[in-house]
Amino acid sequence: MMRTMRIVAMLAWRNLWRNHRRTIIMLSAITIGAWAMIFMTALSRGMVSDMIRDGIRSLPGHIQVHNPAYRDDPSIGNLIPDTDRDIAARFGKAGISNWTSRVRVPAVVTSERDSRGVTFIGIDPQRESTMSFVADDIVEGRFLESVDDTGLVMGARLADILDTELGKRVVVMSQDPDNDIADRGYRIVGIFKAKLETQETAMLFAGKATVQKMLGIEGRVNEIAVMGDDYRDVEPLFEKVNAAFDDDVEVLRWMDIELYLSSTMKFMDSFVLVFVVIIFLALAFGLVNTLVMAIFERMREIGMLMALGMRPSAILAEVMMESFFLLVIGLTLGNLLAFATLWPLQDGIDLSFISQGLAYFGYASVLYPETAAKDVVLANVTVLILGFFASLSPAWRASRYEPVEAINKE
Amino acid sequence: MGLSLRLAWRNLWRQPRRTWLTVGAMVFCNVLLIFMISLQLGTYSMMIENALQAFTGHLQVQAPGYKDDMKIRQVVPDVAEFAARIRDSLGLESVSARGGTFALASSEDRSYGIQVFGVDPEHESHVSSIPGLIDKGRYLEDSTAAEIVIGSVLARNLRVVPGDEIILLGSGRDGSFAAGVAAIVGVFNSGVADIDRNIAEIPLGYFQDTFAMRSAGHEIVVKLGSIDHVTKAKQQLEMLIPEGEKLVVLDWNDLQPGLQEAIRADMGSAMFIYSILVILVAFSVLNTQLMSVLERTHEFGVVISLGMKPAQLGRLVMLETLMLGSLGLVCGVLLGGLVTAWTASAGVSLPGMQEMAAQFNLSERIYPLVSPLTLLGAPIVVLLFTLIAALYPAIRLHWLQPVEAMRSI
């Protein structure tokens, strides 16, 4: 059995190279197809991953905890029942360290010249700096130093709109739980720039304790965010957080909150498969054509081999082997080519000439390709499996030749 | 010529399975490309239409700098009267005057910062889809009444229904404190969270009173029959601006710069995929034609030694390829056209579209655009590349040595 296989393999290999021009053309086609599959999916996945990671970093966090009424009515009245101290205790007991709590309220910020509606967020700077984007992107001044910091960190674009700058004072006005206006003057201590302009205009940051005092809600918060290791798999973290709290809060995964982001992620996975199948189908015609031609040319020879005792199953195996060699070599070359072209692009492709268009969809303007092992495996396995089935038909027909008829063909 | 045609045709059918497989590759590629391109163009035109008809319109007249700074003092003087003049000149009803500013809206329990727009109740429905999206109560009617319509998310956040009152607080054009109390007459639901959360509309006259605008406003919105009329209308509008007034006419590209670029970005990535497909088909054809030439080496050798010129043989091969390609084109266009026309009436819904629809204000089904460009564009390119691919086998024939050729099988 093994000997037959060895002979069949040798035959297949040599047959491929009998018509080297045809084989090389077919190989080039498969190589290009494989390259396209991996290259394109790496680019797309990079874009989507970036978008999702940025979306999560700009505050949602992998898991969020709120008062159950908060999502429908995000007003200050719907606070989380536990106090800061209780929350810290709960996380301590559950062994979770990568978490933070915030006070997030709608507010109006007024400068000397103008006013705007914003989302005002009281944060714990030490905890936040590991989780969200703001600390990294300070361009002027400094980030907040502690929960008691009385300074304000503002987006560059918002500072433009308000005609204000670092060091100036602004007034932030919001509502306290009794529906009275709560306002306070703040000095701008830091200016940040973000990847998307809306992040710069919509968000304003201050120390959590200062905000709690301003709103008269000492020790209370309305949002808790927890970060895990992998945004794709948040279930284990979800379970842990859920177990750490009582039933009087709502624990949500980021996918439940950011529907657009999560649907894009799902869409991405199906896109890869669809793309691979389409490219394969385009290749399949050529592959089958090549095999059919190869067999047709050798009809006399196959007939003779069968007359001399070679089994139909061996003929079938031989043709399948030819196809297998073609595919494997083509895939290998295509994969290598893809990595060779992706490697120099690792530092990102600069797409700033269409940055506003990308921002429309939520993408940043530098594209970092991301080669996911599962995409590469999917592409190669799909091509091999579909290629197997595509070659069955010509191979089968070859094995059904009647030796006498075949020999007598011209 | 007739002989060449007949020869070429017969040569194609000497190996029917091979010919059909190659035509099959072309047809597959064509159908796919036709469908995808018409789907893309259909989506783009829908995106543009939706984005513009919601609020922006095709053209706007504004004070210079207003688009970026949105300061209340950057006004269009005598806005209602200017809008009426534009209506007369262009002969269009879809011209409407607006004012806009940021204000604090307070209900009994809650306050939120929002964008308030003063609109002309009579003409706003011609330039924006919001008046048509009222789902509770009614739209604005009287230009001086102290009434307001708000988005559904804002209504929920403020805990109000039609009949309740809203207090508006802001700054007037002269820097003074501006305040007003308006009765909610209607709630609209556009489906786009940003619009439903942040926008409220009050009548223009009431806006001008409350915010000390006198007779000025901030924009005149013009909606045209189609995007193709924009350039001409823009010129006409520019001529209507009174002497000495520093106003600018902005087209939808200036107003929504992301839109055009987003389309270009999407086109770019799609082009990449399409070119890969065309290249793969070209390889298929190259393979086929090369094989068909090589297996006729003996025959060509005979024919050349009998006096036929290699150039004629080359032409024959190209003719065969042309027929092959045309067959692929015709079948592809027919099949592709059928599939596209059928989905053009039924619409297509892809996974993930619902969420995209909510985010970007698209409808949930896309309707492919059927036009000569979408139906023929791709197949013609495929045919072109097919012919280019066949050049190699055709040119090789020049170096064919008759005697050596006749020695092959």
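A: The term stands for a side-chain nitrogen of Lys or Arg within 4 Å of a carboxyl oxygen of Asp or Glu. A:D256 has a relative accessible area of 27%, which makes it partly exposed; on this scale buried means under 20% relative accessible area, exposed means over 50%, and partly exposed lies in between (1.4 Å probe, protein chains only).

A:R253 has another partner as well: its side chain meets that of A:E235 in a salt bridge, at 2.6 Å from N to O. Helices (H or I, at least four residues) and strands (E, at least two) are DSSP runs here, numbered from the N terminus. A:R253 is partly exposed at 21%, and A:E235 is partly exposed too, at 34% relative accessibility.

Before going further, a word on how to read the names and values. Residues are numbered from 1 along each chain as its sequence is written, while chains are lettered from A and ligands numbered from 1 in the order in which they are written. As this is a predicted model, local features need pLDDT of at least 70 and side-chain atom pairs count only at pLDDT 80 or more, whereas totals for chains, interfaces and linings use all residues; side-chain values use heavy atoms, with hydrogens and water left out.

Over all chains, a search of the whole structure gives 30 salt bridges. One of them joins A:R102 to A:E223, with the closest N and O atoms 2.7 Å apart. A:R102 belongs to strand β2 of chain A and A:E223 to strand β9 (residues 223-226) of chain A, so this link bridges 121 residues of sequence. A:R102 is buried, with 1% relative accessibility, and A:E223 is buried as well, at 2%. The two belong to a network of salt bridges that also takes in A:R104 and A:E128.

Another arginine to look at is A:R298, in the loop between α10 and α11 (299-307) of chain A. A:R298 is buried, at 8% relative accessibility. Leaving aside residues up to four places away in sequence, A:R298 touches A:N15, A:R18, A:E318 and A:E322; contact means heavy atoms within 4.5 Å.

Now to the rings. The whole structure holds 16 aromatic pairs over all chains. In one, the ring centres of A:W13 and A:W17 are 5.8 Å apart and the planes stand at 65 degrees, so the pair is edge-to-face. For rings of Phe, Tyr and Trp (its six-membered ring), a pair needs centres within 6.5 Å; planes under 30 degrees apart count as stacked, over 60 as edge-to-face and the rest as tilted. A:W13 and A:W17 are four residues apart in helix α1 (residues 2-18) of chain A, so about one helical turn separates them. With A:F324 and A:F325, these two tryptophans form one aromatic cluster. A:W13 is partly exposed at 39%, and A:W17 is partly exposed at 30%.
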